[in-house]
Amino acid sequence: MTHQPTPTSGARGRTSVRRAILLASSVLAAGTVLAACSPGEEPSSQQGTTPPVITGDQAPGGLGVGESPAGESGSEGSGSGATASLISPQGTQVGTATFTTEGSEVKVDVKVTSGIPAGFHGMHLHSVGKCESNSVAPTGGAPGAFLSAGSHLQVDGRTGHPSSGDLVSMFVSAAGTGETVTTSDAFTISDIVGKSIMIHANADNFANIPTRYAPAPDQETLSTGDAGGRIACGVIEQE
């Protein structure tokens, strides 16, 4: 009778090791596929397939912040600008305004830190760079706060409404703080340096008077937006 040789303990050990290695490899491969896929998705070996999360102020057309399209100077968007320190009729600083060229427009960023009542306030650029607490208008009349700053700015001989210097109204919170950022293509930095920016006591109605109240807005409304007195002023200076 022929007997089959009995495997030695060493052979049995090598077989067990091989089986353990194969089993571990199978488990690892299955885990990799499961980790890479959600239900309904196909596995991918390509890196970077998760969309990036983009936050903050992004330039258009996939440009990074501070980058400019080909053929345009980056300094135009970040280096050419102007500033104004806003003061009250008592001479106290109540905020700041910055003006920055961005392409064919000027970005206007106005910040109020104190001294302005809560609510909406008209905001305009005025034709004269003076912020005198007690003065008369260039056309004469009774004295008042910041009247020597003249009327709303008009550029290149413009006379129509809205004026070149008309801006959106600003909202101030109950804490006395607020910030408004807007853009305008009605003027350039060179147009406004040496002029002034004004915050008024009331909101600007932009002469939007329904005809059931009046056939048409009068000249005072067209000129001022019925924004009331001048409560903060700043002379615009080149940076």
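A salt bridge here is a side-chain nitrogen of Lys or Arg within 4 Å of a carboxyl oxygen of Asp or Glu. By this rule the count comes to 1 salt bridge. The legends below describe close-up views of a predicted model.

**Figure 1. The chain holds 4 helices and 10 strands.**
Read along the sequence, the elements run α-α-β-β-β-β-β-β-β-α-β-α-β-β. The chain has 239 residues, and 28% of them count as buried. Take the contacts between residues at least 6 apart in sequence: 66% of these join residues at least 24 apart. The accessible surface comes to about 14,700 Å². Carbon and sulfur atoms account for 55% of that surface.

**Figure 2. Lys107 and Glu102 form a salt bridge.**
Side chains of opposite charge can pair when their charged atoms come close. Here the N to O distance is 3.8 Å. That value meets the rule because the cut-off is 4 Å. Lys107 is partly exposed, at 24% relative accessibility. Glu102 is also partly exposed, with a value of 37%.

Glu105 counts as partly exposed, with a relative accessibility of 33%. Which residues does Glu105 contact, leaving aside its neighbours within four places in sequence? They are Thr100, Thr183, Ser184 and Asp185. Phe187 is 82 residues away from Glu105 along the chain. Even so, the C-alpha atoms of Glu105 and Phe187 are separated by 7.8 Å.

**Figure 3. A cis peptide bond joins His161 to Pro162.**
Omega for this bond is near 0°. Pro162 is found in the loop between β5 and β6. Strand β5 covers residues 123-126, and strand β6 covers residues 170-172.

**Figure 4. Asp156 has a positive phi.**
The angle is about 55°, although Asp156 is not a glycine. Where does Asp156 lie? Asp156 is in the loop between β5 and β6. Is Asp156 buried or exposed? At 77% relative accessibility, Asp156 counts as exposed. The cut-off for that class is over 50%.

**Figure 5. Asp226 also has a positive phi.**
Its value is near 55°, again in a residue other than glycine. Asp226 lies in the loop between α4 and β9. Helix α4 takes in residues 219-224, and strand β9 takes in residues 230-235. The relative accessible area of Asp226 is 33%, so this residue is partly exposed.

**Figure 6. The second largest pocket holds about 390 Å³ of space.**
Of the 21 residues that line this pocket, the closest to its centre are Ser151, His152, Ser223, Thr224 and Arg230. Which element gives the most to the lining of the second largest pocket? Helix α4 does, with 5 residues. How do the lining residues divide into nonpolar, polar and charged? The lining has 4 nonpolar, 15 polar and 2 charged residues. Rolling a probe the size of a water molecule over the atoms shows where empty space is left.

Note on methods: Residues numbered from 1 in each chain as written. Predicted model: local features only at pLDDT ≥ 70, side-chain atom pairs only at ≥ 80, totals over all residues. Heavy atoms only, no water. Helix = DSSP H or I, 4+ residues; strand = E, 2+ residues; numbered from the N terminus. Buried < 20%, exposed > 50% of the residue type's maximum accessible area, 1.4 Å probe, protein only. Contact = heavy atoms within 4.5 Å. Areas by Shrake-Rupley, 256 points an atom, 1.4 Å probe, with all protein chains shown as cover. 1 Å grid on protein atoms, 1.4 Å probe; cavity = no way out; pocket = protein on both sides within 12 Å on 5 of 7 lines; lining within 4 Å. Points joined across faces, edges and corners; volume = space filled by probe spheres on them. Nonpolar A, V, L, I, M, F, W, Y, C, P; charged D, E, K, R; others polar.
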